[in-house]
Amino acid sequence: MEKEKELSKCNNCRIVRDVVEELIGIIEAAKSMGEFRGTQKKESQMLLRRLRQCLPLLEELRDLDAQIPEDCISCLQRLKKAFILAKKLLKTCHAGSKIYLVLETNAMLSRFNSVYDKLNHAMDGFPYKEIGISEEVKEQVDLMCMQLKRAKPGMDNQDMELTSDMMAVLSVDTDRISECEAIKRLANKLSLNTLDELRVETVVVRKLVKERRGQNAEGTEKIINLLDKFKKFAGIEQANVLEDPASCNRSLQKCASITIPFEFLCPITLEIMRDPVIVATGQTYERASIQQWLDSDHQTCPKTALPLSHTALAPNVALRTLILQWCQTNNYQLPKKDPPPPPKITRSDKVITLIKNLSSSQLQIQRKAVTKIRMISRESPESRVLIAENGGIPPLVQLLSYPDFKIQEHAVTALLNLSIDDKIKKQVSKENPIPAIIEILQNGTIGAKENSAAALFSLSMIDENKALIGSSNGIPPLIDLLTEGTIRGKKDAATALFNLTLSHPNKVRAIEGGAIKPLLKILENERLDMVDEALSVLLLLAAHPDGRKELGQLSFIETLVKFMREGTPKNKECASAVLLKLCMNNSNLLLAALQYGVYEHVVEISQNGTKRGQKKAAAIFQLMNKGDRFLSRT
């Protein structure tokens, strides 16, 4: 009987030691992971600290030589399951897809919650006294359990900003220049710019897709879509992410026992180089691969992303000699050179063909051509000049009235991109596109309306166009977009209205068209982040008596004082300018502002505001000092 008890005790101790060693091993593995991704970094570090807080308990359990009750073994088994989940979660946060971690932020936070719950459940009912755990260790574990119960994983500001940026990038088609900048900013934040970074992300995404086995297809599609956008922006050829990349050429696959030295592989194709050449940054590539890269109008080194000071290619004779020697020594057959490509069609020839196809009688040819022209128009000033000089503007203007919504949207976006250049803006204006753009603004798709508003803003830089847009009834649909549009639509509409209402007749049209009410609504919606845009337009409308009359309400004065108190430096500057404009014509409004406590905010802006804000604050002080009733308030 005594022997059976002793045997049972030994078995229990061995089980506990084995489990404890596993748990300590998991903690050590988690500690050795190094830096976590930027997203969920805070939560990952917190979880790792929680695991490390368990070390004193585990070390005491490992050294125990007493009878271990079954309750303790059950708790440890539950703790093991929680630790395994924690390790997997931390591994994802350390080396998982950067896109997935941002896109699936809520799912990741749920996983952290689940791990915390399982850790807390495992510790619940742990028999500390029965097995002789020290009071000090018990207090540490109790503190950790209390922290686990209170833990509420959430997004920090950086995570929220990244998620917002990613949603914005997902919603765009990368054809507008401003959206390309959004992709560039997000790629910088995620460090997904270079060839190596995108290659690593592709491998991780491919692994994630295989693990999901078709589940959450919509989320997977978004991840692949975003990865393709980053690759497209970086100018990298987009292979199917679901297929394994060709990490070596066919010859290598036939002879898997041979390992080609890494320096013999082209960084672009990862195939052994037949004709290595050196670019301006000193990096070496296969001639055909780097030439294709340069022919695609890239001006940077694929590997380093540094700008190329020139595009001359110098043969790397020394490396070619080493490759040939290695091939001879290892009896390795270099793959034969591909046959020379057919004569290259110049970029100018392509553009001319596309412009010709804009007038095709076949709908599909027209659609394809206008889509390509839209894409080319955003690439560079040289591309826009190429389109304009080869007669691309007249057919694009004609397509604005074509009875096909997608063609209309592509055409107006192409004209928007072209009109960025001042010289081309005048060429576009000569073709009288404004009536057709206003028609699209009234009846087009959401994207077409937004781009039409942006196009009107760009064209209104020419003073004659301000008058033409106003007289062509272009302001009412802009007000409609300001009221009912998406965030981007509202911003495009507000920007266009600002430029248009620099003209006095357009101020009247905007006020009579009801522009003030939606602008005030925008000020109430913090999510839109359009305070400066709205106040800038209201400042222009306040220059008209009817505008001042509509804005001269106590509630609006209180709103202005609030922005002068709580807003950004630019908010304070804009709010001060509007308040000054209103109070110059109505001293009662200044008295109301003083009653709302504006004086101390004017003092603060006069000392610490922007230069323009300080000037406006000084002018408000002068108004205050004009009468004794204001002096008495100071």
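Among contacts in the chain between residues at least 6 apart in sequence, those that join residues at least 24 apart account for 71%. The model is predicted. The chain has 634 residues, and buried residues make up 47% of them. Its secondary structure consists of 36 helices and 3 strands.

**Packing of helices**

Two pairs of helices illustrate how elements of the chain meet. In one of them, helix α6 (residues 105-123) packs with helix α8 (residues 135-150) at an angle of about 145 degrees, and their axes are 9 Å apart. The crossing in which α6 passes α8 is left-handed. On the α6 side the contact involves Tyr-116, Leu-119, Asn-120 and Met-123, which meet Val-141, Met-144, Cys-145, Leu-148 and Lys-149 in α8. Sorted by class, this contact of α6 with α8 has 7 nonpolar, 1 polar and 1 charged residues.

In the other pair, helix α16 (residues 347-357) and helix α17 (residues 363-377) pack with their axes 8 Å apart, at an angle of about 135 degrees. Because of this angle, α16 is oblique to α17. Here too the crossing is described by its hand: α16 passes α17 in a left-handed crossing. From α16, the residues Arg-347, Val-351, Leu-354, Ile-355 and Asn-357 take part, and they meet Ile-365, Gln-366, Ala-369, Lys-372, Ile-373 and Ile-376 in α17. The contact of α16 with α17 has, by class, 7 nonpolar, 2 polar and 2 charged residues.

Asp-295 lies 52 residues from Arg-347 along the chain, and the C-alpha atoms of the two are separated by 9.5 Å. Asp-295 is found in helix α14 (residues 287-295), and this residue is partly exposed, with a relative accessible area of 37%.

**Cysteines**

How many disulfides does the structure hold? The number is 0. A disulfide is a covalent bond between the sulfur atoms of two cysteines. For Cys-145, the closest cysteine sulfur is in Cys-54, at 7.9 Å, and the sulfurs are therefore too far apart for a bond. Cys-145, which belongs to the α8 side of the contact with α6, counts as buried at 11% relative accessibility. Cys-93 is also buried, with a relative accessible area of 0%.

**Helix α18 and backbone angles**

Helix α18 (residues 381-389) contains several buried residues, namely Ser-383, Arg-384, Leu-386, Ile-387 and Ala-388. Just after α18 comes Gly-391, which takes a positive phi of about 80 degrees.

Ser-191 is found in the loop between α10 (177-190) and α11 (195-212), whereas Asn-432 is in the loop between α21 (422-430) and α22 (434-443).

How values were computed
Residues numbered from 1 in each chain as written. Predicted model: local features only at pLDDT ≥ 70, side-chain atom pairs only at ≥ 80, totals over all residues. Heavy atoms only, no water. Axes fitted to C-alpha atoms, helices over the stretch in contact; angles between N-to-C directions. Helix = DSSP H or I, 4+ residues; strand = E, 2+ residues; numbered from the N terminus. Parallel < 35°, antiparallel > 145°, perpendicular 65-115°, else oblique. Left-handed = near helix turned anticlockwise from the far one by under 90°. Contact = heavy atoms within 4.5 Å. Nonpolar A, V, L, I, M, F, W, Y, C, P; charged D, E, K, R; others polar. Buried < 20%, exposed > 50% of the residue type's maximum accessible area, 1.4 Å probe, protein only. Disulfide = S-S within 2.5 Å.
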